[in-house]
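Subject: Handover of a structure, with findings

Dear colleague,

Please find the structure below for your use. My findings follow it, arranged by region.

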Amino acid sequence: MNNPSRTPTVGFVSLGCPKATVDSENILTRLRAEGYDISGSYDGADLVIVNTCGFIDAAVEESLDAIGEALHENGRVIVTGCLGAKKDAAGQGIVEQVHPKVLAVTGPHATEEVMSVVHEHLPKPHDPFIDLVPPQGIRLTPQHYAYLKISEGCNHRCSFCIIPSMRGDLVSRPIGEVMKEAEALVDAGVKEILVVSQDTSAYGVDVKYRTGFWGGRPVKTKMYDLCKALGELGVWVRLHYVYPYPHVDDIIPLMAEGKILPYLDIPFQHASTRVLKRMKRPAAAENTLERIRRWREICPDLTIRSTFIAGFPGETEEDFNELLDWLSEAQLDRVGCFSYSPVEGATANELDGQLPDEVREERRDRLMEHQEDISTQRLERMLDREITVLVDEVDDEGAVARSMGDAPEIDGLVIIPDGTDLEVGEYARVRVTDVDVHDLYAQIIED
């Protein structure tokens with residue numbers, strides 16, 4: 001470390017959601033731009049940065065364990081991310097209490113603060129070359145897909161969530177800046193852009209849909225205008241974290257026209273109006289079943305994925321059965337479910353009607369079993385259809401790809417046994433030959 005000719009090296013551990021991944025990529029990009037090397041191990045690193053998650057208790061434990069491991073293996077650790085912003089009832093930082101030997105702690109979306117600490121403990125190399133970093137920056141995803149974060153923070157105050165206390169209120173990125181980043185990604189070979197935020201539907205609300213500029217023409221900082229512009233780039237565009245506000249209806253025709261993927265990730269969380277109100281969810285009174293029906297009339301191939309919470313405080317058996325009935329009606333394609341878990345600092349902890357752990361788990365299991373048949377039936381509609389897929393992996397046993405209805409890491413796969421000659425990042429046409437609960441099986445369509 002005292003050798004002046006040696007390039008200073010930073011180890012990096014990235015935990016948490018896609019928004020945290022984007023934060024990590026921003027920090028890594030700055031590090032490389034300033035001439036630092038990035039290490040994949042603790043041994044070769046002069047210090048280690050750990051980007052943490054602090055949303056639920058399991059994530060807190062994972063983050064604290066990762067920090068402890070980095071301290072043990074390396075000793076010089078900077079902590080950033082959501083857990084860094086988390087305080088106890090007395091206002092003391094969680095990380096500092098458990099690991100007082102860390103060099104510094106910042107919250108999420110804190111590239112400048114992290115770099116300042118790095119400079120303090122590991123001075124940057126002299127005369128870094130400006131071409132050390134490609135235009136699209138340093139990414140943690142494979143070369144053919146990338147996350148595009150369009151805003152930070154959230155204006156909602158859902159009773160089970162502490163994200164606004166860690167990430168703040170909604171701050172939308174200028175649309176010109178977002179589109180410039182998207183173009184750089186496509187120029188670098190990205191075939192799928194995954195739009196992420198805390199509330200994608202609210203993009204631009206904080207700046208009153210201010211007009212920006214892209215390619216010399218005016219474009220509003222608004223969800224519809226962003227989707228329309230991204231749809232001109234000629235790659236897959238997938239929307240995540242979409243709240244079902246009325247203006248989401250305007251996006252569906254873009255999907256039907258093939259401008260963006262016919263895919264919506266909507267965190268409905270529940271179907272009982274009473275429970276949704278206790279959750280303080282936006283759009284709690286919306287007739288979501290009717291909205292879904294209208295969407296599918298416009299775009300029959302629309303895939304809808306969602307997440308739900310089972311066993312929320314005060315949830316009755318009647319409420320839960322209402323949710324099961326809603327799922328039967330909604331016919332969602334992809335569903336995840338969590339049993340309710342108290343999160344330190346969340347107002348839901350103070351609600352009456354806290355349910356025993358076994359009831360929460362039983363309801364979660366029952367929901368997933370109920371949804372399994374629905375998801376399988378939705379997939380069976382794909383049998384014998386010709387579809388376009390994006391190839392993720394290829395080996396001597398074939399290829400693994402994803403359809404337009406499958407987001408990476410959270411949805412299903414398309415298994416192609418005769419796909420050994422395909423290339424990663426390639427679009428391919430296949431015919432679906434079989435299905436199971438989560439995945440499709442297909443064969444290549446010869447030209």
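Helix 1 (residues 18–33) and helix 4 (residues 111–121) have axes that come within 10 Å and cross at roughly 40 degrees. That angle makes helix 1 oblique to helix 4, and the crossing of the two is right-handed. The contact is made by Asn26, Ile27, Arg30 and Leu31 of helix 1, which meet Thr111, Glu112, Val114, Met115 and Val118 of helix 4. Please note that the coordinates are those of a predicted model.

Helix packing elsewhere

On the helix 6 side the contact residues are Ile175, Val178, Met179 and Ala182, and on the helix 7 side they are Asp225, Leu226, Ala229 and Leu230.

The other pair is helix 11 (residues 317–330) with helix 12 (residues 357–380), whose axes come within 10 Å and cross at roughly 15 degrees. These two helices are therefore also described as roughly parallel to each other, and they cross in a right-handed sense. Helix 11 contributes Glu317, Phe320, Asn321, Leu323, Leu324, Leu327 and Ser328 to the contact, while helix 12 contributes Arg363, Arg366, Leu367, His370, Gln371 and Ile374.

A covered strand

How many of the residues of strand 6 (residues 145–149) are buried? Five of its five residues are, so that the strand counts as mostly covered. In a regular strand, side chains alternate between the two faces of the sheet. In strand 6, both faces are covered: Tyr145, Tyr147 and Lys149 are buried on one side, and Ala146 and Leu148 are buried on the other. Strand 6 runs parallel to strand 9 (residues 192–196), and five bridges join them. Within this pairing, tyrosine 147 has leucine 194 of strand 9 as its bridge partner.

The annotated cysteines

An unreviewed UniProt entry lists Cys154, Cys158 and Cys161 under "binding site". Cysteine 158 lies in the loop between strand 7 (151–152) and helix 5 (163–167). Its relative accessibility is 7%; cysteine 158 counts as buried because the cut-off for that class is under 20%. Cysteine 161 is likewise placed in the loop between strand 7 and helix 5. Leaving aside residues up to four places away in sequence, cysteine 161 touches Phe55 and Ala346.

The barrel and the annotated domain

Five strands close into a barrel, in the order 16-17-18-20-19, with mixed pairing. Neighbouring strands of this sheet are turned against each other by 50 degrees on average, direction ignored. Strand 16 (residues 386–395) and strand 17 (residues 398–403) run antiparallel and are joined by six bridges. Across that pairing, glutamate 393 stands opposite valine 400 in strand 17.

The unreviewed UniProt entry also carries the annotation "domain: TRAM", covering residues 380–446. Over residues 380–446 the chain is 49% strand and 1% helix, and the end C-alpha atoms are 23 Å apart.

Individual loop residues

For histidine 109, phi is about 55 degrees. Histidine 109 is found in the loop between strand 5 (104–105) and helix 4, and its relative accessibility of 47% places it in the partly exposed class. For glutamine 269, phi is near 70 degrees. Glutamine 269 is found in the loop between strand 13 (263–265) and helix 9 (273–279). Is glutamine 269 buried or exposed? At 9% relative accessibility, glutamine 269 counts as buried.

Finally, alanine 89 is located in the loop between strand 4 (77–81) and helix 3 (94–98). Its relative accessibility is 88%, so alanine 89 counts as exposed. Alanine 89 is 104 residues from isoleucine 193 in sequence, and their C-alpha atoms are 40 Å apart in space.

With kind regards

Terms used:
Residues numbered from 1 in each chain as written. Predicted model: local features only at pLDDT ≥ 70, side-chain atom pairs only at ≥ 80, totals over all residues. Heavy atoms only, no water. UniProt positions renumbered as here; feature names shortened; annotations may be inferred. Helix = DSSP H or I, 4+ residues; strand = E, 2+ residues; numbered from the N terminus. Buried < 20%, exposed > 50% of the residue type's maximum accessible area, 1.4 Å probe, protein only. Pairing = 2+ DSSP bridges. Axes fitted to C-alpha atoms, helices over the stretch in contact; angles between N-to-C directions. Contact = heavy atoms within 4.5 Å. Parallel < 35°, antiparallel > 145°, perpendicular 65-115°, else oblique. Left-handed = near helix turned anticlockwise from the far one by under 90°.
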